[in-house]
Amino acid sequence: GDSVTQMEGPVTLSEEAFLTINCTYTATGYPSLFWYVQYPGEGLQLLLKATKADDKGSNKGFEATYRKETTSFHLEKGSVQVSDSAVYFCALPGAGSYQLTFGKGTKLSVIP
Amino acid sequence: NAGVTQTPKFQVLKTGQSMTLQCAQDMNHEYMSWYRQDPGMGLRLIHYSVGAGITDQGEVPNGYNVSRSTTEDFPLRLLSAAPSQTSVYFCASSYSQMNTEAFFGQGTRLTVV
């Protein structure tokens with residue numbers, strides 16, 4: 001079945017460091033791919049998405065490119081801030097369904 | 001625009017007690033779902049609904065019941081709480097089309113003692 005494998009944390013970075021969180025997937029066809037973010041004490045919210053191969057999703061300085069050849073959707077940010085401290089989830093819809101399959105989440109802590 | 005509203009935010013139950021977690025959305029979304037979030041496990045789907053009167057089981061349905069009498073509401077019932085149900089519960093909704101964004105509530109942190 002469809003699955004998501006996500007780099008597990010926790011990840012601790014200094015402010016202004018470069019961030020990469022790896023995500024690879026197994027899926028039937030070419031579903032949309034999502035990154036969700038969960039700030040402390042809150043629910044998940046969509047950070048960015050890509051709907052087809054080679055698409056690049058971007059938001060709040062974060063980027064991720066839908067790579068069909070490597071079945072990857074890695075999340076990157078050039079310069080992280082303390083306010084980026086959160087848990088990040090890679091996700092994709094199940095084949096023929098509306099259900100989301102999530103990675104296990106990567107907790108990011110950014111220190112001043 | 002409230003989005004997805006969950007109540008309560010926190011709850012402590014004794015083993016064997018029952019309770020209902022409430023979820024309401026005001027976006028006229030057809031699809032609603034319940035997840036539980038546990039450390040190191042990510043989010044796991046408990047139950048979902050593709051419209052009023054239609055529900056189905058997800059990955060971890062045991063010990064939980066749901067119903068969908070209206071488009072807006074999707075309550076989750078714990079029949080006889082167990083310590084293994086200690087978790088953070090999230091309700092989510094989305095439009096009926098696949099590959100669309102899901103909107104999440106703020107979560108309910110449940111502790112069963």
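**A glycine in chain B, and beyond**

Modeller: Let's start with B:Gly107, which counts as buried at 6% relative accessibility (buried means under 20% relative accessible area, exposed over 50%, partly exposed in between, with a 1.4 Å probe and protein chains only). Keep in mind that this is a predicted model, where local features need pLDDT of at least 70, side-chain atom pairs count only at pLDDT 80 or more, and totals for chains, interfaces and linings use all residues. Residues are numbered from 1 along each chain as its sequence is written, chains are lettered from A and ligands numbered from 1 in the order in which they are written, and side-chain values use heavy atoms, with hydrogens and water left out.

Biologist: Leaving aside neighbours within four places in sequence, which residues is B:Gly107 in contact with?

Modeller: B:Gly107 sits in the loop between strand 10 (103–104) and strand 11 (108–112) of chain B; strands here are DSSP runs of E, at least two residues, numbered from the N terminus. Contact means heavy atoms within 4.5 Å. On that basis the partners are B:Gln6, B:Pro8, B:Lys9, B:Tyr89 and B:Phe90.

Biologist: B:Pro8 is on that list. What is the omega of the peptide bond from B:Thr7 to B:Pro8?

Modeller: Most peptide bonds are trans. B:Pro8 lies in the loop between strand 1 (4–7) and strand 2 (10–13) of chain B. Its bond from B:Thr7 is cis, with omega near -10°.

Biologist: Over in chain A, where is A:Pro10 placed?

Modeller: The peptide bond from A:Gly9 to A:Pro10 is cis, with omega near 0°. As for its place, look in the loop between strand 1 (3–6) and strand 2 (11–14) of chain A.

Biologist: Is A:Asp54 buried or exposed?

Modeller: A:Asp54 is in the loop between strand 6 (44–50) and strand 7 of chain A. Its phi is positive, about 75°, although it is not a glycine. With 55% relative accessibility, A:Asp54 counts as exposed.

Biologist: And what is the phi of A:Thr71?

Modeller: A:Thr71 belongs to the loop between strand 8 and strand 9 of chain A, and is partly exposed at a relative accessible area of 31%. Most residues other than glycine have a negative phi. For A:Thr71, phi is positive, near 45°.

How values were computed. Helices (H or I, at least four residues) and strands (E, at least two) are DSSP runs, numbered from the N terminus.
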